[in-house]
Amino acid sequence: MAGGGGVGGVGGGGVGGGAPSSLGLTPPMWYHRDLSRAAAEELLARAGRDGSFLVRDSESVSGAYALCVLFQKHVHTYRILPDDEGFLAVQTSQGVQPKRFKTLPELVLLYLQPNQGLVTTLLYPVDREETAVNDDRDYSDGEDEKPPLPPRSASTSTPPGPDTPTDSSPAANGLSTISHEYLKGSYALDLEAVKQGACMLPHLNKTLVSSCKRLNGEVDKVLSGLEILSKVFDQQSAFMVSKMIQQSVNQGGDQELENLVTKLAILKDLLSSIEKKALKALQDMSLSSPCSPPPLSTRHSKAIPVQAFEVKLDVYLAELTKIGKSQKHTLSVDVEGGRLVVMKKVKDSQEDWTNFTHDKIRQLIKSQRVQNKLGIVFEKEKDKSQRKDFIFASAKKREAFCQLLQLMKNKHSNQDEPDMISVFIGTWNMGSVPAPKSVGSWVLCRGLGKTLDEMTVTIPHDLYVFGTQENSVCDREWVESLRATLKEQTELDYKPIAVQTLWNIKIAVLVKPEHENRISHVGVSSVKTGIANTLGNKGAVGVSFMFNGTSFGFVNCHLTSGNEKIARRNQNYLDILRLLSLGDKQLSSFDISLRFTHLFWLGDLNYRLDMDIQEILNYINRKEFDPLLKVDQLNLEREKNKVFLRFAEEEISYPPTYRYERGSRDTYVWQKQKATGMRTNVPSWCDRILWKSYPETHMVCNSYGCTDDIVTSDHSPVFATFEVGVTSQFVSKKGLPKSSEQAYIEFESIEAIVKTASRTKFFIEFYSTCLEEFKKSYENDSQSSDNVNFLRVGWSNKQLTTLKPLLSEIEYLQDQHLLLTVKSLDGYESYGECVLALKSMIGSTAQQFHTYLSHRGEETGNIRGSMRVRVPAERMGTRERLYEWISVDKDETGGPKGKSTLLARTGHEYVKPSLARKQLGELGKVSEEGERSGKEDATTRSKQDSLESDPAVCKNSYNNPAYYILEGVPNQSAAAMSPELLPSPSSANPQAAKAPPSSSATRAKPSSGALGPSHPRRPTVGHPVRTISEEGSSEDDGGGCGAGVQAGSGAGVGSTLNRPPPDFPPPPLPKGALEMVAEAPFPKPRPLYPDLAEVRIPASKPNAPSAAVEGLRRGGGGAGALDDQSCSVLQMAKTLSESEFPGQPPRAPSAPPPVRVQGLGLGLDACRTFPPRNPITESIAEDLPEEALWGSSSSSLSVGESSVGEWLQRLGLERYEEGLLHNGWDDLEFLSDITEEDLEEAGVLDPAHKRILLESLRQQQQQQK
């Protein structure tokens, strides 16, 4: 478990100031300055003896301490608070006189004596671990013998332009040395003078004058620059300004410091009044002068030309007889004119075309399985619509078309405020060399990887965020160069919102001029993580702001370099997460990963590839990146939940961006001779962009790649673009709610499992922008523990307060989120935080929620409960958002009956069983005749409702904390675990054992680019990207229990089949789990949700118990991954699951809930940590009709993609499956119409193979006749 740090840790203020006085020059070894509560509990658990103790900084009160004592396997925490006089005392019950001490060692000395009121006498101090000094040597990627100095050019507080706010304070520039010299020597001379009666401190005065010499010069420059403005607009202050400028030339010596203070006072008065006086003067002038033309910055960007797309109409077999062969169409998008023209050739020279205005295009429906297929729903007559499906030349063309249509909709919308904006994120380690004259390919996302289509590449984004490392260019010059580049590409004058610099790490945010007034609450911050956390050569800079009603955070970091320094990089991340001061200050209980609706984290993260250099180069030459991504350190650390908990990253499809030979992109330079020997820097994806969004918000990554023509640095610039949902500052049309129209947020119950050895009481704090102030619950009224390292706490309805939102409109509430933090009564410290979306909680009946708790970047438990948001009928009106206009079609293969259109879930980490019935949007109107899909939707809802009403479905996976393993913590019950706790053949689910194998489940398709354990295949658009620890989707989750399916790793988008929702803990282990984990080919990932594979359940082997105990630790998958001092997963799963439901029939802890596996079963790989041995390219759910998902015995496979795959396998030509599917040939019956030309377009170029395929299809047609 990675240890965080207290509020007063290094660089955090608080205790840092008071520690020396209360601890002396050498702090005692039992004092752990920078230690989190969770890490303290782990250290005490390892100590294992009653009376073991340590002191750490308090996480809740700055300047306070926490005394942690182990007694009877539980950790007891006592707060040590300073009073007004600086004395320390242990916090006592009301009425008890506290004992006061001058220093912390004196306090501890008393409690080393027996009978002093603690739960036990302090007996065994737990010492801190000293870090080796040489480990702190962290220089610039090992290329420099010493760290670079901070830039000597303009201070970081100098604004880069007239529109830019002031940034951070200057980096250390040697002035601290002057102060040190005074404290070391000169102050003794002043002390001697004071003893002799002197009233002046000449040496201190001299020190201050020296320190302020540069400031004096800067103030003179500012006053000189403002002199003319003061003469024009503020004659009253102009005289004083001129006088001070003259005096400063002549004055010096003893009066210099006094003179500086006077100048600062004049400057303050001038700056605070000049703008108002200038405004008044200009207003007076405007009354007598003609109107001036609008400034250049208000110009609109260049008009978007009409774009044409060549497509094929996708039709079903039944319709082929009517219209002949599938026809080619042209779709022309006129963004400026607001219309779409659909044109098809009828005869040689004749064309049939139809015009659709923007308001007649009802919906776009993206096929999730066929990435270049799109359904368009047109309005024909009133309340009638027609759907047409088109096949585009490529997935990229489909995305370009959708983007243009969204732009058209937005441009002609009657909404004043946008629902969605586009964001460009760029990160680049510039290698301490100025950028080339043109960086156009960077801002236009041209290069390698997932790039934008040329039709849309020049469309301006709303926000541009540039993060750079080793950037030696001064702020003003850098921002102006970025603005010039953007103007050249977009013809717009982008406005700088904020610039923040730490040494050579910079972040700059620019916004379209039309959005400038939508930005508010801008904040900047920085954190140093260089040598001893005091040098800024490594660290992070951050910017935060509100865009209307949506909060954004951006972090640009440069982490520790070196192939082997993974732990240091992890700690850098945790330090930044804890110490970066961004966002709403009221949310100080939450780290920055929960403070923003959308948080983007970019930079040179410096994680490397753990593979031999020659193997890496061979894979890169073959453009095979999947094996490399499996050994990418960042992916591996994310799997173990060490860093970036529940962040997302788009799939990487470009070569490593480091370390190139400068001047070209043809050669990686991986060796450098150093004084200490040869240093190796293997090619790696050091430069990354990740993000984390609140649940049920809109976020789609449209591009992620790197340039291939910017060669000045040894790193290539990386870019990503995002489509982001935003909310407006809501104004109620009905005013503030009356008491009869008040909305309420009501909780029926809440239960949490917290990873802690403490047994204190807890309460919950609720925060939200929709609340006037934060609210607190009463203390929990139920508490139990079946394992010393976990505590289950519960609150009934009477302990939970009803919350009253500021506004009661459903349109406002469905965009709101609620932040929860579980705090202890003994120390008021947080034990875990989470975020809930109100959108799915709106209704008259209570809805279930279930999600994870985290604290300081670590998972600390999970929380579930029941709540509802009651909205009065008068406030129920809402509207469709622009991003809801595009949906994702989980289309089943086969005829029209298989077509159902369900919106993609937009929540990332939030679990809600009945979400499907609450999705907004007109899904009932998206069928070919306007009716078919609505029936499918109703069928789907009825199935889900019936499942949700079955309580048996939802038992036993709620509180199974099998993945919460305290690494290295002793557990006495593990060694004595009896054989009956382990699975046996008789404990298996009989239905699962008898279930026949599905043909699609047993068939393993060729994986065209699986990312393996580090990255499940990411969806390209319209569907939220799954993060490493969120393997679920919950349209079909039926309450979220039971066995699940890991996101597919092939060419398609991972979908669901009986999969648990994103943030559920894993269900109890199936019977074959012990052997499977021991066999797992990939040794490191934490247990994830399983993939369905063949239905084979082997008998347990004799060595199964040891394999389970050794293999199922979080972060370990192979034998030997767990030492014998760790907790038993099976023990915890049994005790915590079975104790909650004592009334149910007894079964082995590893048996899966029977309802969830009926008809499908769990296979050999069912609890395997992925990747499975046979990765399934497409999700099984897409190959089955709706009935098959729930085990209907009458269901059968549709003739679809699986049949095409089996047909190709039989012919030995399965290599062409991906190309055929990509071009829309996904049905054997539809394939009968295929021509040689079509086969060539699908990649079948071998004449012999073409003959084999066409002959086989002809034979099948004859057999059918």
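Reader: What makes the contact between arginine 792 and aspartate 786 a salt bridge?

Author: Keep in mind that this is a predicted model. The closest N and O atoms of arginine 792 and aspartate 786 are 3.7 Å apart. The cut-off is 4 Å between a side-chain nitrogen of Lys or Arg and a carboxyl oxygen of Asp or Glu. The 3.7 Å of this pair is within 4 Å, so the contact is called a salt bridge.

Reader: Is arginine 792 buried or exposed, and how do you know?

Author: The relative accessible area of arginine 792 is 8%. Buried means under 20%, so arginine 792 is buried.

Reader: Why is aspartate 786 called partly exposed?

Author: Aspartate 786 has a relative accessible area of 32%. Elsewhere, salt bridges that share partners join Asp632, Arg638, Glu649 and Arg688 into one network.

Reader: How many salt bridges does a search of the whole structure find?

Author: The search finds 47. One of them links the side chains of arginine 856 and glutamate 59, at 3.5 Å from N to O.

Reader: Why can that pair be said to tie together parts that are apart in sequence?

Author: Arginine 856 sits in the loop between strand 35 (847–855) and strand 36 (858–870), while glutamate 59 sits in the loop between strand 2 (52–57) and strand 3 (65–71). The parts are 797 residues apart in sequence, so the pair ties them together.

Reader: What makes arginine 856 and glutamate 59 buried?

Author: Arginine 856 has a relative accessible area of 11%, and glutamate 59 has 12%. Each value is under 20%, so both residues count as buried. Arginine 398 and glutamate 399 are buried too, and their side chains meet in a salt bridge of 3.0 Å, N to O.

Reader: Now the strands. What is the order of the open sheet of five strands?

Author: The order is 19-20-21-22-25, with mixed pairing. The twist averages 15° from one strand to the next.

Reader: Why are strand 19 and strand 25 said to stand at the edges?

Author: Strand 19 (519–528) and strand 25 (687–693) each have a single partner strand, so one side of each is left without a neighbour in the sheet.

Reader: How do you know that strand 19 and strand 20 pair?

Author: Pairing needs at least two bridges. Eight bridges join strand 19 to strand 20 (residues 539–547), so the two strands pair, and they run antiparallel. Among the bridge partners are valine 524 and, in strand 20, valine 543.

Methods:
Residues are numbered from 1 along each chain as its sequence is written. This is a predicted model: local features need pLDDT of at least 70, side-chain atom pairs count only at pLDDT 80 or more; totals for chains, interfaces and linings use all residues. Side-chain values use heavy atoms; hydrogens and water are left out. Helices (H or I, at least four residues) and strands (E, at least two) are DSSP runs, numbered from the N terminus. Buried means under 20% relative accessible area, exposed over 50%, partly exposed in between (1.4 Å probe, protein chains only). Axes are lines fitted to C-alpha atoms, for helices over the stretch in contact, and angles run from 0 to 180 degrees between N-to-C directions.
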